[in-house]
Amino acid sequence: MKVTKFGGSSLATGAQFERVIDILNQDESRQVIVTSAPGKAKEFPIKVTDLLIRYANETINDEDATETVLALKERYQTIADHFNLDQEVFQTIPDQIDQLANHHYRSYSYLRAAFAAHGEYLNAQLLTLILQAKGEKAVFVDPKQLHMETDATTATLNEKATYRDLGAFEIKDDTRYIFPGFFGYNDRGEMVTFSRGGSDITGAILARGLMAEVYENFTDVSAIYAVNPRLVSHPAAIKNMSYSEMRELSYAGFAVFHDEAIIPAIQAQVPINVKNTNDPTAPGTWIGPAEQNKPERRVTGIAASDNFCALYLHRYLLNKEIGFTMRILKILDRHGVPYEHMPSGIDDLTIIFNKKSLNKEQIEQIQTDIERELSPDTMAWHDDFAIIMVVGQGMINRVGAFTEIVTPLKDAGISLQMVNQGASEISIMLGVESKDVDNAVKAIYHNIF
């Protein structure tokens, strides 16, 4: 049995739905299906999830939502019309869109979560209705049935309850089970969404809990590429990669998966196959255990993100002072700010943050506290910090790997702000100024590939 997830572009229109159904019919082992909300299409420039967020805000602000509601209904209606779905059968979809604004919610955060989750929720129902109309055995499965519980509004999975009940879930050989992605339920029966890429997380949870042979993730590209195609024309496709390589690249900006999205599949060692809905016969990219992965190249991929900032501290004999780092961590904890990395030398230390994890007020408070409690000789804030991850199992124990990466940067006149290599040796992290990041990535890529 395979768990097969389709992204928003794969389910954006009736024509795309038809491709999805063809893909399902090509392999009877594709029994557990995870849907995203309809994404953008040529004739529909706004994602359904964004329309639902707008609908939620209009409801909260007691504004007229007529235009938004009509746009939402049109998205689902055009898909139903493509298959000539009986209107009486389809009517449950627009009815639920209307009912969203009439339901009582405990808070605005729960209202927003419920509205946003309905993109996937309604799309899963619609796919089920279409399959049933075609005479296929298809069952819509509400995540509530499987106790995919979350804590408060943070969408922390109740793993014990979820995997207990998924383990007992019966899958019949001739039936397809359609799950909406992106959300779960807390213990009060309220919808709570995962992160924006949450349909990937749902698929990984199901792959682990149902002990799938493969987790297929259908998107709009025929493979994962070694570098962002927006930076390099026709980049090399990655045929195989390890879980660890995917995690490292996702962290630094690979758009295929959120860096936490595939952890359940990794925990169960379920192989992942990323494929293209519009080119389903292409082999795509396989992601699996490192011991089963034979690297084709010394470097698998290069990713970068300029969504970082850094605080530089200098103090003589810093390395001799016991508890210096601990006091920094206490200050960060006091202000509720996580850090990403903390490379250090004998007299200096740099704390790297994700820009999304702190605001201007927290930055000022942290610097004030560090100045008062630690008295650094020098302290400087860098708001234009970018990280590049060069990742590949082929770099392990390879002499000269680092030289091949940094030499093109020297030739391009790009200054390195930071270098860090993990103990696993599969990745080298480089810090550069944001203005240099794109040129740095291209220089490294063209020197290696």
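A cavity is a set of grid points where a 1.4 Å probe fits but cannot get out. The model treated in these exercises is predicted.

**Exercise 1. The enclosed space**

Task: Find how many cavities of 30 Å³ or more the structure holds, then describe the lining of the largest cavity.

Solution. 
Step 1. Count. The structure holds one cavity of 30 Å³ or more.
Step 2. Take its volume. The largest cavity has about 60 Å³ of space.
Step 3. Name the lining. Ile238, Lys239 and Asn240 are among the residues that line the largest cavity. Asn293, Pro295, Glu296, Arg297 and Thr300 line it too.
Step 4. Sort by class. The lining of the largest cavity has two nonpolar, three polar and three charged residues.

**Exercise 2. An open pocket**

Task: Describe the second largest pocket by volume, lining and class of residue.

Solution. 
Step 1. Start with volume. The second largest pocket holds about 370 Å³ of space.
Step 2. Turn to the lining. There are 17 lining residues. Those nearest the centre of the pocket are His103, Tyr105, Ala114, Gly189 and Met191.
Step 3. Find the helices involved. Both α5 (92-100) and α6 supply at least two lining residues each. The most come from α6, which gives four.
Step 4. Sort by class. Seven residues of this lining are nonpolar, six are polar and four are charged.

**Exercise 3. Aromatic pairs**

Task: Classify the Tyr121–Phe140 pair and the Tyr251–Phe308 pair by the angle between their planes.

Solution. 
Step 1. The structure holds eleven aromatic pairs.
Step 2. Take Tyr121 and Phe140. Their ring centres are 5.6 Å apart, with 70° between the planes. Planes over 60 degrees apart count as edge-to-face, and this pair is edge-to-face.
Step 3. Tyr121 sits in helix α6 (residues 108-133) and Phe140 in strand β3 (residues 138-140). The two are 19 residues apart, and the pair links distant parts of the chain.
Step 4. Tyr121 has a relative accessible area of 14%, so it is buried. Phe140 is at 22% relative accessibility, so it counts as partly exposed.
Step 5. Take Tyr251 and Phe308. The distance is 6.1 Å centre to centre and the angle between the planes is 45°. This pair is tilted.
Step 6. Tyr251 belongs to helix α9 (residues 243-251), and Phe308 to strand β14 (residues 301-314), so the pair ties together parts 57 residues apart in sequence.
Step 7. Tyr251 is partly exposed, at 22% relative accessibility. Phe308 is buried, at 3%.
Step 8. Look for a wider group. Tyr121 and Phe140 belong to one aromatic cluster with Phe183 and Tyr185.

**Exercise 4. A charge over a ring**

Task: Which residue lies over the face of Tyr163?

Solution. 
Step 1. Identify the residue. Arg208 lies over the face of Tyr163.
Step 2. Give the distance. Arg208 is at 3.9 Å from the ring centre.

**Exercise 5. Strand β8 and its partners**

Task: Decide whether strand β8 is largely enclosed or open, and find the strands it pairs with.

Solution. 
Step 1. Count buried residues. Strand β8 (residues 214-219) has five of its six residues buried, so it is largely enclosed by the rest of the structure.
Step 2. Find one partner. Strand β1 (residues 2-6) pairs with β8 in the parallel sense, over five bridges. Lys5 has Asn217 of β8 as its bridge partner.
Step 3. Find another partner. Strand β12 (residues 272-276) runs parallel to β8, joined by five bridges. Here the bridge partner of Tyr215 is Ile272 in β12.

**Exercise 6. Loop residues**

Task: Locate Asn84, His234 and Asp62, and state how exposed each is.

Solution. 
Step 1. Recall the background. Most residues other than glycine have a negative phi.
Step 2. Take Asn84. Its phi is positive, about 55°, although Asn84 is not a glycine. Asn84 lies in the loop between α3 and α4 (87-90). Its relative accessible area is 69%, so it is exposed.
Step 3. Take His234. Its phi is also positive, near 50°. His234 lies in the loop between β9 (224-225) and β10 (237-238). It is exposed, with a relative accessible area of 80%.
Step 4. Take Asp62. This residue lies in the loop between α2 (48-60) and α3 (66-82). Asp62 is exposed, at 73% relative accessibility.
Step 5. Asp62 and Glu43 are 19 residues apart along the chain, and their C-alpha atoms are separated by 29 Å.

Conventions:
Residues numbered from 1 in each chain as written. Predicted model: local features only at pLDDT ≥ 70, side-chain atom pairs only at ≥ 80, totals over all residues. Heavy atoms only, no water. Phe/Tyr/Trp six-rings, centres within 6.5 Å; stacked < 30°, edge-to-face > 60°. Buried < 20%, exposed > 50% of the residue type's maximum accessible area, 1.4 Å probe, protein only. Lys NZ or Arg CZ within 6 Å of the ring centre and 35° of its normal. 1 Å grid on protein atoms, 1.4 Å probe; cavity = no way out; pocket = protein on both sides within 12 Å on 5 of 7 lines; lining within 4 Å. Points joined across faces, edges and corners; volume = space filled by probe spheres on them. Nonpolar A, V, L, I, M, F, W, Y, C, P; charged D, E, K, R; others polar. Pairing = 2+ DSSP bridges.
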